[in-house]
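Subject: Structure handover

Dear colleague,

Please find the structure below. My notes on what was found in it follow.

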Amino acid sequence: MPAASYWRTGVVLALTWAVPALAVFAVLASRNATLEFTPAEQTASTAGLALFGICASAYAFTGGMICARTPNVRIGGLLLGLGWAVVLPLAVMAQAALDLPGSAWAPWLLEAVSTPAFPLLVLLLLLFPDGHLLSRRWRPVVWLTVAIVAVSMPVSGSEPPISDPNGVESVAN
């Protein structure tokens with residue numbers, strides 16, 4: 001095997017194993033945490049967070065195995081990306097629950113990182129099982145899905161939650 005193949009496999013495996021590690025961290029950190037930025041001041045359910053973590057891990061493991069074994073198949077990358085799209089909102093919720101630095105930005109960041117999960121699932125269903133569309137007639141659906149992600153990600157992250165997150169005005173005075 002060439003050195004580039006070993007390097008690529010190592011990166012894929014690192015990305016794959018990072019998803020369940022991040023999911024376990026998020027579930028443990030967010031258990032019984034009240035998320036103040038949710039609409040109804042809901043308490044995060046540990047079972048619900050664990051279910052999302054298991055789903056993200058399953059997507060990531062399947063995608064990682066496909067990417068490591070057959071790197072030319074598009075489905076592997078989509079599954080790995082879907083795993084990350086599911087686990088990143090969990091990590092943001094854990095950041096807010098632990099009151100880590102930057103947790104004032106958590107509502108904004110949660111909205112921005114949870115945007116690509118559904119379009120990735122649509123692309124996965126369109127390209128399953130061999131990574132190709134069933135016919136050329138499905139191309140507008142793929143372009144529409146990509147356009148939705150391209151438009152919704154900047155729009156969802158357009159308004160930061162606080163006006164001066166770093167205290168720049170207070171330092172200047």
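T145 is found in helix α6; helices (H or I, at least four residues) and strands (E, at least two) are DSSP runs, numbered from the N terminus. Leaving aside neighbours within four places in sequence, T145 is in contact with P119, V122 and L123, where contact means heavy atoms within 4.5 Å.

Some notes on the source. This is a predicted model, in which local features need pLDDT of at least 70 and side-chain atom pairs count only at pLDDT 80 or more, while totals for chains, interfaces and linings use all residues. Residues are numbered from 1 along each chain as its sequence is written, and side-chain values use heavy atoms, with hydrogens and water left out.

Overall fold. The protein chain has 7 helices and 0 strands, and its elements run α-α-α-α-α-α-α from the N terminus on. Of the 173 residues in the protein chain, 33% are buried. Among contacts between residues at least 6 apart in sequence, 64% join residues at least 24 apart. The accessible surface of the protein chain comes to about 10,700 Å², and 68% of that belongs to carbon and sulfur atoms; accessible areas come from the Shrake-Rupley method with a 1.4 Å probe, and for residues only the protein chains shown count as cover.

Aromatic pair. A search of the whole structure finds 1 aromatic pair. The ring centres of W17 and F61 are 4.8 Å apart and the planes are at 80°, so the pair is edge-to-face (rings of Phe, Tyr and Trp, the last by its six-membered ring, pair if their centres lie within 6.5 Å; planes under 30 degrees apart count as stacked, over 60 as edge-to-face and the rest as tilted). Because W17 lies in helix α1 (residues 3–30) and F61 in helix α2 (residues 46–69), the pair ties together parts that are 44 residues apart in sequence. W17 is exposed, with a relative accessible area of 54%, whereas F61 is partly exposed at 28%.

Helix α3 and what follows. The 25 residues of α3 should span 36 Å at 1.5 Å a residue, and the end C-alpha atoms are 36 Å apart, which agrees; the expected span is 1.5 Å times one less than the number of residues. Just after α3, D99 takes a positive phi of about 55°. L100 lies in the loop between α3 (74–98) and α4 (106–113) and is partly exposed, at 36% relative accessibility. Together with F25 and L98, L100 forms a nonpolar patch on the surface, with about 240 Å² of accessible area.

The α5–α6 loop. P129 lies in the loop between α5 (117–127) and α6 (139–156). A cis peptide bond joins F128 and P129, with omega about 5°. For reference, most residues other than glycine have a negative phi, and most peptide bonds are trans. H132 is found in the loop between α5 and α6 and is partly exposed, with a relative accessible area of 44%. Not counting residues up to four places away in sequence, H132 touches R74, L126 and L127. The C-alpha atoms of H132 and I75 are separated by 9.2 Å, and these residues are 57 apart along the chain.

On the patch terms: patches are made of residues with over 30% relative accessible area and no salt bridge, with like charges joined within 9 Å and nonpolar side chains (Val, Leu, Ile, Met, Phe, Trp, Tyr) within 5 Å. A salt bridge is a side-chain nitrogen of Lys or Arg within 4 Å of a carboxyl oxygen of Asp or Glu.

Regards

Technical notes: Buried means under 20% relative accessible area, exposed over 50%, partly exposed in between (1.4 Å probe, protein chains only).
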